[in-house]
Amino acid sequence: MKITKLEPIILHAPVTRGGIADSTHKLTHWGAPGVAVHADNGLVGYGFSGTHAHLPTDRLIADCIVNSYGPLLAGEDPREVRALWEKLHKQSEIYWVGRAGITHLALGAIDIALWDLKAKEAGLPLWKLLGGSASKKVEAYNTDGGWLNWPLEVMVSDCKRLVEEEGYRAVKLKVGGPNPKEDLRRVEAVRNALGPDIRIMTDANGRWSLPQAIQTASRLADFDIAWIEEPIYFDDVDGHRRLAETIATPVALGEQLYTASHFRDFIQAGAVHYVQPDVVRLAGVTEFWQVADMAWCNSLPVAPHVGDMCQVHRHLCFAHPACSLLEYIPWLRDWMEEPAKIEGGHYIAPEAPGAGMTPSRKALAEINRA
Ligand code: 0YR
Ligand code: MG
């Protein structure tokens, strides 16, 4: 099997109720800039990054995929994905300008597309190619009921519906709003509505200073929260270490970290409890696996962040021993050939061969080709 052509793709999918916000981000669409990698046997591999649908930036990512990395892939065998990852990763003209950011997101999308081809060629869903089992329990927690711009009553009724009608046993609430007392009121209202047995995660998206985080996270502990996510600025290793040593609630982070060595720094420092790598921010499946192994060796659970809207991560969770809990956000549900499926609060193992990012026919017809 040989790579014949790379085709850029940009997909922008509307988010729930026309717009969501956390303490730091506000968006109306989820962006999926990526690539279709064509092979000489007719198979097509798909891989996408995850963005806030900023078209000029999405074009840079798609352009980097096709024009910076593309020529290095012509004629190569996509089944040699780890060797190709290494070849692209050590391309000095490219990493000279970016060992994180656009070039890294581009590499991630390519790596996913190559794993997709490898799995399609083998006729296997990626989780099976990676040695996983469909009988493994992969629990889903839902983030889509807890946005910071949902009025309190809407948030409470959404969370109740997710638990009582859809079967989730865990939901995530955004905190880090302008008034910390309001954060506490919102979490308390959801705790009272859901009762003591449902797990509630909280996510401040990097908003707080260290003293704010110590104060508010300590008070959130009254509502028995499962973790506090990104309490302070994303890159602050020592701040998270000090926080983790100070508060009783576990610290979760990783969605903004680009590289395995970045994760190594947080893990070695004792600055993270729940490790949240994202296959679309790391350089794909290949680097995700490096991080998950590292977490596993340090007795830390991996609960991936779903910049891929869980399409690829569900495969990884059925295969990697560190992963048994996975976020769920539904924004690509209407665009994928085999959207993520959850029953009774657990992921169903996908059946189609590949890595899970093949757009539906309808989506392909509508997609804005970059
Ligand atoms: C905006 N999940 C997150 C939104 C989400 C963000 O990017 O999707 O809140 O990525 O923090 O844990
Ligand atoms: Mg988060």
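Helices (H or I, at least four residues) and strands (E, at least two) are taken here as DSSP runs and numbered from the N terminus. This is a predicted model, in which local features need pLDDT of at least 70 and side-chain atom pairs count only at pLDDT 80 or more, while totals for chains, interfaces and linings use all residues. Residues are numbered from 1 along each chain as its sequence is written, chains are lettered from A and ligands numbered from 1 in the order in which they are written, and side-chain values use heavy atoms, with hydrogens and water left out.

Most residues other than glycine have a negative phi. Asp 224, in the loop between α8 (210-220) and β9 (228-229), has instead a positive phi near 50°. Cys 310 is another non-glycine residue with a positive phi, about 65°, and its place is the loop between α11 (284-297) and α12 (313-319).

Next comes the empty space. Rolling a probe the size of a water molecule over the atoms shows where such space is left. The search uses a 1 Å grid over the protein atoms alone: a cavity is a set of points where a 1.4 Å probe fits but cannot get out, a pocket is an open set with protein on both sides within 12 Å along at least five of seven lines, and lining residues have an atom within 4 Å of a point. Grid points are joined across faces, edges and corners, and a volume is the space filled by probe spheres set on the points.

The largest pocket has a volume of about 500 Å³. Its lining consists of 35 residues, and Trp 30, Gly 50, Thr 51, His 52 and Arg 281 are those nearest its centre. At least two lining residues come from each of α1 (55-73), α4 (102-122) and β7 (170-174), with α1 giving the most, three residues. Residue classes are set as follows: Ala, Val, Leu, Ile, Met, Phe, Trp, Tyr, Cys and Pro are nonpolar, Asp, Glu, Lys and Arg are charged, and the others, Gly among them, are polar. By class, this lining has 13 nonpolar, twelve polar and ten charged residues.

Where does ligand 1 sit? Ligand 1 sits in the largest pocket, a term that asks for more than half of its atoms to lie within 2 Å of the grid points. Around ligand 1 are 14 residues (a heavy atom within 4 Å), of which Asp 22, His 52, Lys 172, Lys 174 and His 305 come nearest. This shell has four nonpolar, three polar and seven charged residues.

Polar contacts are pairs of N or O atoms within 3.5 Å; within protein, one must be able to donate a hydrogen and the other to accept it, and residues adjacent in sequence count only if both atoms are side-chain atoms. A side-chain N or O atom of Asp 22 is 2.5 Å from an oxygen atom of ligand 1. For polar side-chain atoms of His 305 and Asn 205, the distances to an oxygen atom of ligand 1 are 2.6 Å and 2.9 Å, respectively. Taken alone, ligand 1 exposes 320 Å², and the protein buries 98% of that (Shrake-Rupley method, 1.4 Å probe; for residues, only the protein chains shown count as cover).

The second largest pocket holds about 390 Å³ of space. Among its 20 lining residues, Thr 16, Asp 144, Tyr 328, Pro 330 and Arg 333 lie nearest its centre.
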